[in-house]
Amino acid sequence: MMDGPVIIVGAGHAGYQVAASLRQTGFAERICLINDEAHLPYQRPPLSKAYIKGSAGPESLMFRPEKFYQDQRIELIAGRAVSIDRSERKVLLASGETLAYGHLVLATGARNRLLDLPNANLPDVKYLRILDESEALRAIIPSKARVVVIGAGFIGLEFAATARIKGLEVDVLELAPRVMARAVTAEVSEYFQARHREAGIRIHLGVQATSIEAQGGKDTGNVTGVSLSDGRHLPADLVVVGVGVLPNIELAAEAGLPVAAGIIVDEYLSTADLNISAIGDCALFASPRFGGSLRLESVQNATDHARCLAARLTGDRKPYDGHPWFWSDQGDDKLQIAGLTTGYDRVVLRGDPAKKAFSAFCYKGDKLLGIESINRAGDHMFGRRLQGMNRSITPEQAADESFDLKSALS
């Protein structure tokens with residue numbers, strides 16, 4: 001078992017979970033959770049889904065009340081880490097305070113990729129990743145009539161569906177030839193494109209924004225529309241940007257730790273410095289299961305990383321071998337993904353898209369890589385259980401509705 005304080009930089013899903021799991025596994029020494037947001041640690045997924053749609057306050061998102069941290073002796077430190085002194089094992093905060101560590105956990109997450117366009121810094125150009133951004137959007141929506149959403153990934157489409165439900169006219173721009181192109185199969189993309197268009201959302205594919213038009217001052221003007229690469233102009237009084245994220249690797253890089261498309265860690269989630277680990281969205285981790293290194297942005301990955309690391313720090317050293325899964329709520333449809341489908345060469349549908357409930361079983365050869373399910377939670381849970389058992393079913397079995405999926409689990 002490791003000796004000395006554990007200092008955790010970042011209080012998102014990964015940071016919160018490693019602190020909680022350390023206490024659950026018997027770690028008795030000091031734990032500090034450095035939080036650079038003015039809220040208790042909170043859940044992020046509802047920010048673009050239920051939270052922005054509803055009326056509940058920020059407290060509905062919190063993992064735990066403040067008393068939990070007091071009872072568990074988890075010190076919540078409001079502030080921002082600015083440098084790491086690896087030789088002295090200390091973290092320097094922006095306030096000037098230093099924290100000594102026995103082990104340092106970098107759970108620094110990711111940040112919005114910013115739009116590099118004229119007028120992109122105007123007040124009516126919004127992003128949606130943290131609670132303050134969701135709060136700002138929730139406050140402004142009632143006064144807006146027409147929104148242009150830049151980016152048709154999960155966040156962009158989740159917000160677009162919510163904005164449409166709230167009565168706004170909605171246009172979605174996507175440079176790729178289909179929505180969610182990097183995340184799902186063409187069959188699932190086509191379904192969601194049709195569903196959003198049925199709801200009255202206008203989706204523009206193969207185009208990008210070239211400028212945001214506005215009236216008024218450079219920093220205070222009102223958005224009037226968005227110009228497109230094909231020469232068109234879309235009127236709008238609100239722009240919401242969802243063009244991906246960048247991992248927060250700077251703190252690690254400045255400390256001399258190897259980084260690439262994330263903070264590089266091994267299969268045990270350790271950096272090149274054995275006293276420092278990285279977990280969650282910021283970590284580029286070695287994966288024996290998938291035969292390389294990958295960085296995943298999901299609650300599952302963050303929480304499972306955290307549990308694996310907490311176990312290692314308290315004496316149970318095992319490589320990380322999580323089974324990825326994801327979800328997205330868009331309007332009345334729930335998309336759930338079990339596995340990583342990168343590299344698939346065959347898609348088998350189970351169920352009927354016309355009935356708004358089907359799954360896309362993705363294969364490479366005869367090996368099942370993953371399942372994308374729409375409104376079929378049973379298929380999703382089957383996929384997660386099957387992956388946990390390192391099993392597969394044939395494409396013919398997947399396509400045959402009379403085949404009992406449960407029989408593959410016995």
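Student: Which residue meets the side chain of Arg289 in a salt bridge?
Tutor: A salt bridge is a side-chain nitrogen of Lys or Arg within 4 Å of a carboxyl oxygen of Asp or Glu. The side chain of Arg289 has such a partner at 2.8 Å, N to O. The partner is Asp321.

Student: How many residues apart in sequence are the parts that Asp321 and Arg289 tie together?
Tutor: Helices (H or I, at least four residues) and strands (E, at least two) are DSSP runs, numbered from the N terminus. Asp321 lies in the loop between H8 and E22, whereas Arg289 lies in the loop between strand E20 (283-287) and strand E21 (292-294). The pair therefore ties together parts whose separation in residues is 32.

Student: At what pLDDT do side-chain atom pairs count in this model?
Tutor: Residues are numbered from 1 along each chain as its sequence is written, and side-chain values use heavy atoms, with hydrogens and water left out. The model is predicted: totals for chains, interfaces and linings use all residues, local features need pLDDT of at least 70, and side-chain atom pairs count only at pLDDT 80 or more.

Student: What is the relative accessibility of Arg289?
Tutor: Buried means under 20% relative accessible area, exposed over 50%, and partly exposed in between (1.4 Å probe, protein chains only). Asp321 is partly exposed, at 41%. Arg289 also counts as partly exposed, and its relative accessibility is 29%.

Student: Which strand holds the salt-bridge partner of Asp171?
Tutor: Asp171 forms a salt bridge with Arg202, the closest N and O atoms being 3.0 Å apart. Asp171 itself lies in strand E11, and the pair ties together parts that are 31 residues apart in sequence. Arg202 lies in strand E12.

Student: Is Asp171 buried or exposed?
Tutor: Arg202 has a relative accessibility of 29% and counts as partly exposed. Asp171 has a relative accessible area of 0%, so it is classed as buried.

Student: What separates Asp71 and Lys67 along helix H3?
Tutor: The side chains of Asp71 and Lys67 meet in a salt bridge of 2.7 Å, N to O. Asp71 is partly exposed at 49%, whereas Lys67 counts as exposed at 53%. The two are 4 residues apart in helix H3, so their separation is about one helical turn.

Student: What is the phi of Arg73?
Tutor: Most residues other than glycine have a negative phi. Arg73 lies in the loop between helix H3 (66-71) and strand E3 (74-78), and its relative accessibility of 47% makes it partly exposed. Although Arg73 is not a glycine, its phi is positive, at about 55°.

Student: What is the relative accessible area of Met180?
Tutor: Met180 has a positive phi of about 50° although it is not a glycine. Its place is the loop between strand E11 (169-174) and helix H6 (186-198). Met180 is buried, with a relative accessible area of 3%.

Student: Which residues does Gly322 contact, apart from neighbours within four places in sequence?
Tutor: Contact means heavy atoms within 4.5 Å. Gly322 is found in the loop between helix H8 (299-313) and strand E22 (325-330), and it is buried at 13%. With those neighbours set aside, Gly322 is in contact with Arg289 and Gln300.

Student: Which residues does Ser134 touch, not counting residues up to four places away in sequence?
Tutor: Ser134 lies in helix H4 (residues 131-140). Its relative accessible area is 0%, so Ser134 is buried. The residues it touches are Leu47, Tyr51, Ile52 and Leu128.

Student: What is the radius of gyration of the protein chain?
Tutor: The radius of gyration is taken over C-alpha atoms, and the globule rule is 2.2 Å times the number of residues to the power 0.38. For 410 residues, a compact globule would be near 22 Å. The value for the protein chain agrees, at 22 Å.

Student: How many strands are there in the protein chain?
Tutor: Buried residues make up 53% of the 410 residues in the protein chain. The chain contains 10 helices, and its number of strands is 26.
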